[in-house]
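Please read the following briefing alongside the sequence and the coordinates.

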Amino acid sequence: PLDVFVLKVVQLFETFNVRFGVMLVGPTGGGKTKIYEMLQAACTLLRESDHPDERFQRTRKDVLNPKCIKMGELYGEYNLLTNEWTDGLGSTLIRHAVADPSEDRKWVV
């Protein structure tokens with residue numbers, strides 16, 4: 001089980017290096033959260049230890065549960081009466097991540 005866990009962390013790291021977005025799927029209690037938390041901790045620790053590999057960066061995450069809010073609250077919505085756009089939680093988190101000039105990796109989970 002430990003070897004499988006380490007393999008999954010390495011696979012996630014490798015996938016992040018070639019993909020823009022990633023989806024972790026599996027059963028409840030299957031380790032999805034711990035896998036990305038371990039990868040986050042490892043990348044941050046390696047960067048703070050001045051590892052020469054630039055793929056290792058401080059990593060921050062924003063976690064949201066899309067099941068507990070409405071679609072407009074998640075993505076944002078346009079009000080036809082006022083002609084105003086209101087950002088949702090997801091779009092707000094993405095905007096903040098993009099606006100941050102630091103080298104830190106930003107994950108929206």
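In this predicted model, the largest nonpolar core is made up of 9 residues, namely V9, L12, F13, I35, Y36, L39, C43, F56 and W107. Two elements, α1 and α2, each give two or more residues to this core, and the largest contribution, 4 residues, is that of α2. In soluble globular proteins, nonpolar side chains tend to be buried together.

**Nonpolar core**

- Among the members of the core is L39, and once its neighbours within four places in sequence are set aside, L39 is in contact with V9, L12, F13, F16 and W107.
- Of these contact partners of L39, V9, L12, F13 and W107 are themselves listed in the largest nonpolar core.

**Largest pocket**

- The volume of the largest pocket comes to about 1200 Å³, and its lining consists of 36 residues, with F16, V22, W107, V108 and V109 lying nearest the centre.
- Two or more residues of this lining are given by each of α1 (2-16), α2 (32-48), α3 (71-75), α4 (89-99) and β4 (105-108).
- When the lining of the largest pocket is divided by class, 20 residues are nonpolar, 8 are polar and 8 are charged.
- W107 belongs to the largest nonpolar core and is also one of the residues that lie nearest the centre of the largest pocket, while F16, another of those residues, is in contact with L39.

**Second largest pocket**

- The second largest pocket holds about 230 Å³ of space, and among the 13 residues that line this pocket, K8, L24, V25, K32 and I35 are the closest to its centre.
- The elements giving two or more residues to the lining of the second largest pocket are α1 and α2, and the largest share, 4 residues, comes from α1.
- The lining of the second largest pocket comprises 6 nonpolar, 5 polar and 2 charged residues.
- I35 is listed both in the largest nonpolar core and among the residues closest to the centre of the second largest pocket.

**Salt bridges**

- The structure holds 6 salt bridges, and the pairs described below are among them.
- Within helix α2, E37 and K34 lie 3 residues apart, about one turn of the helix, and they form a salt bridge in which the closest N and O atoms are 3.3 Å apart.
- In this pair, E37 counts as partly exposed at 27% relative accessibility, whereas K34 is exposed, with a relative accessible area of 53%.
- A salt bridge also joins R58 to E48, with the closest N and O atoms 3.6 Å apart; this pair links distant parts of the chain, since R58 is in the loop between α2 and β1 and E48 is in helix α2, 10 residues apart.
- R58 counts as partly exposed at 37% relative accessibility, and E48 likewise counts as partly exposed, at 47%.
- The side chains of D104 and R60 meet in a salt bridge with an N to O distance of 3.4 Å, and because D104 lies in the loop between α4 and β4 while R60 lies in strand β1, the pair ties together parts that are 44 residues apart in sequence.
- At 18% relative accessibility, D104 falls under the 20% cut-off and therefore counts as buried, while R60 is partly exposed, with a relative accessible area of 38%.
- R60 and D104 belong to a network of salt bridges that also includes D100.

**Positive phi angles outside glycine**

- D50 is not a glycine, yet it has a positive phi of about 60°; D50 is found in the loop between α2 and β1 (59-62) and is exposed, with a relative accessible area of 64%.
- N83, which is likewise not a glycine, has a positive phi of about 55°; N83 is found in the loop between β2 (76-79) and β3 (84-87), where the residue is exposed, with a relative accessible area of 55%.
- The loop between α2 and β1 holds D50 as well as R58, the partner of E48 in a salt bridge.

Methods:
Residues are numbered from 1 along each chain as its sequence is written. This is a predicted model: local features need pLDDT of at least 70, side-chain atom pairs count only at pLDDT 80 or more; totals for chains, interfaces and linings use all residues. Side-chain values use heavy atoms; hydrogens and water are left out. On a 1 Å grid over the protein atoms alone, a cavity is a set of points where a 1.4 Å probe fits but cannot get out, and a pocket is an open set with protein on both sides within 12 Å along at least five of seven lines; lining residues have an atom within 4 Å of a point. Grid points are joined across faces, edges and corners, and a volume is the space filled by probe spheres set on the points. Ala, Val, Leu, Ile, Met, Phe, Trp, Tyr, Cys and Pro count as nonpolar, Asp, Glu, Lys and Arg as charged, and the others, Gly among them, as polar. Buried means under 20% relative accessible area, exposed over 50%, partly exposed in between (1.4 Å probe, protein chains only). A nonpolar core is a set of buried Ala, Val, Leu, Ile, Met, Phe, Trp, Tyr and Cys residues joined through side-chain atoms within 4.5 Å. Contact means heavy atoms within 4.5 Å. A salt bridge is a side-chain nitrogen of Lys or Arg within 4 Å of a carboxyl oxygen of Asp or Glu.
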